[in-house]
Amino acid sequence: MSQWQAGIDVGGTNTDLLLLEPQSGEIRVEKVSSTPEDQSRGVIRGLVESRVPFNRLTAIIHGTTIATNAVLERKGARCGLITTRGFRDILELGRRTRPRNYGMIGSFEALIDRSFRLEVDERMDAGGRVLTSLDEDQVRDALQELLKLGAEAVVIQFLHSYVNPTHEQRATEIAREVWPNGYVTASSDVLREVREFERGSTAAVNAYVQPVLARYLGRLSDELASNGFPNRLLVMQGNGGIMAADLAVRQPVQTVMSGPAAGAIAAAHIGHQSDFPNLIACDMGGTSFDVSLIRDGIPVVSAEKDLAYGVPVRVPMVDIHTIGAGGGSIARVDAGGILRVGPESAGAMPGPICYGRGGCRPTVTDANVILGRVDPAEFSGIESSAAIEAVETALTEKVGRPLGLDSVEAASAILAVAGNQLASAIRLVSIEKGNDPRDFALFPFGGAGALHAVALARELGVPNVLVPRFPGITSALGCMLADLRHDFSHTIWRSLAEVDPSHAEAVFAEQESRGRAMIAEEGVPIADIKVIFEADLLYRGQSHVFRIPVLSPGFTHDSVVKTLREHYRARFEIELHEMTPVLASLRTTVVGRRKQIDLALFGANASAERHPDPIDKRAVYFESSFVETAIYDREMIGAGAVIEGPAIVQQADSTIVLDPGAVATSDRLGNLTIDVGNVV
C-alpha cells in the first residue's frame, strides 16, 4: 500500500501542496487559492484535488501564517495579565524607542490593554530569593476580575521568574483550577531568560494567538480525521523544526514565521546537495518578500525578532526579513506624484487584474503580463484571463497618466520600483550584517521569485542564481524536509568563573530530558536524536551576547573561555584577555531527525531532453525595448541542458526569466543554475 507525505504552505494568495510517495517516487503538486476567512478550507480543497486518499497519508506537515497574521493585523484574543505589583506597564514602557525615528509622533498599543493588566503582591530579587510571598487570594481575585472583563487568555508574569519560577508556577496552578479553558501562559514556561520586557512580550504573543491557533488547528485536525487521515497533524515552527499540532497549541509562539522558515529549510537542503552551501533565499509570493541567509548549509537562526514595533518575540527562529512586496502588490501614485508599490496587496481575491476576478488596481503581476514576461493563459492561479486591454487601461489611468508614461513605460517603472525594494531587503540581511553578496548564490522561490532573480542578482553583484525544481512550492517541500526540533534556554547571568560546572551540566541534562520527552510524546517516526548545547557569553561591560557551542558532559571554564576567544577573534579580529567573561544563558536544542528525502526524486523527467526546443516565441520587454524571446517548457528540460537568455522558462507553479546574457544549466536534481553574466 502506498504511503504518502504532504507538505502544505499557506500563503496570502495561494495555498501550495507537495505530495510525495517516497517508495515509488511519485510526486503531485497542487496550488489552490488561499481562503483567508478559514485557511483550513483551502488546505482540505488542495488535498482533495490531489486525489491522494486521506487514509494513505502517513504525515501532513503544515506551515501556517495564522500566528504571525494575528499579531500583525491585531486580530488575536482578548488577554489578561497578572504581574508583580508596580510592574503592570512593562509591556507599554518597553525600550527607549519610538514608532517613528524622526519626530515625537506615533502611538503604540500593547497586545494587552492596560485595564486587563492586574497586579498582585509577590516579589523575588535578582538572585531568586523571596522578598514578598505570593498572595494567592489576590491571584484568585485577579483571575475572577479578568473573567468578568471578558478575557479569553491569561498571562502570568512575575519579576525575576527566569531565575526562580516558583511563584509563577503556583499562580499558574491556581489559574488552571479556575480558568474555563487551557489558555494560561506562564512567562517562564515560554522564555526563561532575563529582560522583563522581552519575556513579557513573548508570553503576551503566546497568549494573544493561542485561542486563534487552537481553533484553527482543531478545526483542521477534525476535518482531516473526518476524511480518514489516521495520524497527528504536524506544524512547522519558526525555528525550522516541526512539532505536533497539540504541542503547537500549548506554545503557539513557536509557530511565528513558520511558513517562511520552511522555505529556508528547503533552500538549505537543496543548496547543500547542489554544492551551493551559501545562499540568499528569497521567497516572493503574492503578498510578501521574505529573505533569509543560508551559511554553510544551515539557515541563520536568531533569538531576537520584532514582529512589529514594540512587539519583540525572543524565541529561536530562522532570521527572516519580510517586506510587503509580492506579485499582488498594488502600484499607485501618491499625493506627491511618487510611484509606490505595496505593501497593500490584491491578495487571493480579487487578485491582480489579469486574474479576471474583479481586480481593478494594477499590480506587479499585471506589469509582468504587459511586458510579456508572464503569459496570462499559462500563469498558475488564473481561472479566466481578463483582456490585456483591461490591464493596459488600468496601468495607463492609475500609473501612466499621472507620471506622463504609456502603459509599457508604466509597467517597466513598477518593476523598477519593486526591484529596488527587493534589493534593499536583501542588503539588510547580507551587506548590513557583514556578508558580501558575491560570496553567495541567489535562491529565488515562491510563485514570483524567479521572475526577478537575474535582475536582482546583477544589481547586487551575485554571480549565480539557483532556481529549484518547483519554485512555487519550495516552502511546502521544506515542511517535508524539516526535523522535529525543540529549543530551551536558561538564564544564568553570572561571571563564568562563579558558575559551578556541575550546575551547568544539570541545566543541560534537564533541558535535554525535556526535549527527548516532547519528541517521544509527539510519536513521529525518527531516525535518531541530535542534541546541541550552546552558551550565550559576553564580556563584563558589554550589552550583546556571543553564542558559542559547548560540550556536555565536559563543560569546563577553560574550554568555554578558549572557544569564546576563538570565536571572538574570528569575528572581530581581537582578543580581550583582560576582560571578564560572563555567562548569560545556557541553551539546548534537541532535534529528532526524520528519514531524509532524496531530492533526486525531483530531477528532470525521463523524457526530458538535453537539447530542448522552444515551445513558442514572443516579444518580451528587457531594459528599454521588446526582444523576440524563446519560451521553454521546464518539463522538457533534461539534466545537462543549457538555455541561453533571453528566454522564458514556464512551469505550472512559476515562471523563470533569463535576461539577455544569462545562461542556465539544468543539474541532476532538476535545478537550474544560472550564470547571470554582466555582474555590476
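Predicted model: local features only at pLDDT ≥ 70, side-chain atom pairs only at ≥ 80, totals over all residues.

User: Why is Q5 called buried?

Analyst: Q5, which is found in strand β1 (residues 4-10), has a relative accessible area of 15%, and because buried means under 20%, the label applies to Q5.

User: What makes the pairing of Q5 and R594 a polar contact?

Analyst: The side chains of Q5 and R594 are joined at 3.4 Å, and since the cut-off for such a pair of N or O atoms is within 3.5 Å, the pairing qualifies as a polar contact. Beyond its neighbours within four places in sequence, Q5 is also in contact with other residues, including L18, L57 and M480.

User: How do you know that R140 and D137 form a salt bridge?

Analyst: The closest N and O atoms of R140 and D137 are 3.8 Å apart, and the limit is within 4 Å, so the pair counts as a salt bridge. Both residues lie in helix α4 (residues 136-149), three residues apart, or about one turn of the helix, and both belong to a network of salt bridges that also links E136, R170 and E173.

User: Why is D137 called exposed, while R140 is called partly exposed?

Analyst: D137 has a relative accessible area of 53%, and exposed means over 50%, so D137 takes that label. R140, at 30% relative accessibility, falls between the limits of 20% and 50%, and therefore counts as partly exposed.

Definitions and conventions:
Residues numbered from 1 in each chain as written. Heavy atoms only, no water. Helix = DSSP H or I, 4+ residues; strand = E, 2+ residues; numbered from the N terminus. Buried < 20%, exposed > 50% of the residue type's maximum accessible area, 1.4 Å probe, protein only. Polar contact = N/O pair within 3.5 Å; in protein donor to acceptor, adjacent residues only side chain to side chain. Contact = heavy atoms within 4.5 Å. Salt bridge = Lys/Arg side-chain N within 4 Å of Asp/Glu carboxyl O.
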